[in-house]
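Visitor: I would like a close look at a single part of this structure, with the cut-offs stated.

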Amino acid sequence: SRSSVHRLHPSPRCSATATLRAAMEGAPQKVKRPPRPKQDRESKRWDDPDSDGDGDEDEKEAFHPQTDQGDKEDDDESEEALKGSDSEDGDGDGDADLLGATKKCGKRAKGSNGDGLWDPLADLGPRKKRKASAGGAPQQTSGKSASQPMPSWESTFGFPEGTAVCLVNLQKAPQLNGQVGVVGAPMDRATGRCQIIMRDGVVKSLKQENLKEVMTGAVVRLHGLQGAAELNGRIAECGDLDLASGRYNVMLADGKETPKSVKGANLELVKRYVSPVQLLSAQRKPFDWADELRVSDGDGTGRSWSEQLAHLVELKVPAPRFVPGQALVAIADQAADGTASLPEPISADKVPVDEEGRLTCRLLAVSLERDVCIPRDAPREVDLKRLAVAAKALLQHDPARPPYFLIPQLCVKALPCLRGAATCAWPLYLQLMQGLVCLDTQYRAHKAWCRSDSILASIVLSKPIYLLPLQGDVIIGANSFASGAGEGGWLLSDRGEETTVAAPGDGQVLPVERPFLEKLCTEVLPDGARKGAKLTLYRL
């Protein structure tokens, strides 16, 4: 009947219910563990953690009444499979089986090394050798000609630093075509771009094909002119390039900066100097003021005069020009007759020196009332007359050491590029001097450049500062004691007076030069541009 069938073959639902009822009543229930995964003989030989290889039988695990019921058959199979596999007194059947299993493996796959690992270079054939020519150099196997031109320096390494370039063929910014900048850093070999410093200080990253080297901003010499042969040999400054006509706008060094339009073929490059834009840029600067002023403790006695001038050439700044004291005396005599003219300066390599290259004259810098470092206008006549009076007194005091004056307006030729380079080199010019003469004019104390001259010469360079009044006689002190080491340490006056110089950053200066002045004072002066100093002035 149906009831008997259910009793003989209970359904899974009934069996599960009975099992649950038995577990709740606390009766022991047989739980069968899942069978262990079977392993082959070789893997059990090496992977079985219970195998100790000493020939003894495996230790039997402790019997647990609930977890180990029904595992007898599995244990019997495991014991039968592992019996005698690790025995030392056997006949070597285990090693023979292992060797046979190894022989059954297929041959080493193509492209694998000795360890069975895949070698990605195994499928590559032998490297083909190119035939060598008679000279030993490999011949070209391609169809291109072997006599290809070598790449130019500019295409490989870029333009040298400081080179003036003109922007051309710009598609996304056509308004920049024709503008001129200066290369501020070597070309980036990864991107093929150069860092160009524009005239407003903005840095542009441009490709080589958008740059054209020009002579703008350099000192040039005119030659080969047919229509104006009288200008051949004249020195001028090269201006901007007109891309349409191919001509440069040049300015002659005649004191009037007369403009001319000249072809590039009629210009010869003489020298290119540094500019204030380069020193203000965040790129690598041509030189550092603080490092240069620390040479020989700032007095210049460690090197000969010619060596100091050669160092200025290495820094790409012009050598200064000096006005002889005798020329100033002659100007004063001409002024009395009404025929006075500006004195003619001489180059620095023409000042008198001895056989050892040391100066036999007295070099004095002049601090005049001015709004820029190197003014374009000529010095005032009243200032030249006072300097002439001081020069006459110095000649009478020590005829063996004539004075030579460094006047800002006359220290370089009348060209904008030279004035800019002299502005960069003004601290280096003061380093060459043996003293600083300040004209006591009405507004001198309010000028920023006059303040920086006094602090730089006295605090940084340890030079004596002399105050030249606008009226009265000039009296040179009768003392001859030395105030410091070197040939320029002799004082010209013993009438010292303490004074306080205000901060250069608060003085009067043209807006175009204020960033340059503040950067100079920040890097050179001990307290920067926002603090003054107490100095000792010697009145003449």
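Guide: What follows goes through one loop, a helix pair beside it in the account, and the nonpolar cores.

This is a predicted model, in which local features need pLDDT of at least 70 and side-chain atom pairs count only at pLDDT 80 or more, while totals for chains, interfaces and linings use all residues. Residues are numbered from 1 along each chain as its sequence is written, and side-chain values use heavy atoms, with hydrogens and water left out.

R370 sits in the loop between β13 (362–367) and α11 (381–397); helices (H or I, at least four residues) and strands (E, at least two) are DSSP runs, numbered from the N terminus. R370 is buried, at a relative accessible area of 3%, where buried means under 20%, exposed over 50% and partly exposed in between, with a 1.4 Å probe and protein chains only. Its side chain reaches two backbone oxygens: that of L368 at 3.0 Å and that of V372 at 3.3 Å. Beyond its neighbours within four places in sequence, R370 has contacts (heavy atoms within 4.5 Å) with P375, P408, W426, K447, W449, C450 and D453.

V372 belongs to the loop between β13 and α11 as well, and is buried at 16% relative accessibility. Outside four places in sequence, V372 touches W449, L510 and E513. Between V372 and C450 there are 78 residues of sequence separation and a C-alpha to C-alpha distance of 9.9 Å.

W426, a contact of R370, is also one of the α12 residues that meet α13: T423, W426, P427 and L430 face W449, D453 and L456. The axes of α12 and α13 (residues 448–460) come within 10 Å and cross at roughly 35 degrees; axes are lines fitted to C-alpha atoms, for helices over the stretch in contact, with angles from 0 to 180 degrees between N-to-C directions. The crossing is right-handed, meaning that the near helix is turned clockwise from the far one by less than a right angle.

W426 is in contact with L406 too. L406 is among the residues with the most contacts inside the largest nonpolar core, which has 59 residues; such a core is a set of buried Ala, Val, Leu, Ile, Met, Phe, Trp, Tyr and Cys residues joined through side-chain atoms within 4.5 Å. Its largest share, 10 residues, comes from α12 (residues 416–432).

Methods:
A polar contact is a pair of N or O atoms within 3.5 Å; within protein, one must be able to donate a hydrogen and the other to accept it, and residues adjacent in sequence count only if both atoms are side-chain atoms.
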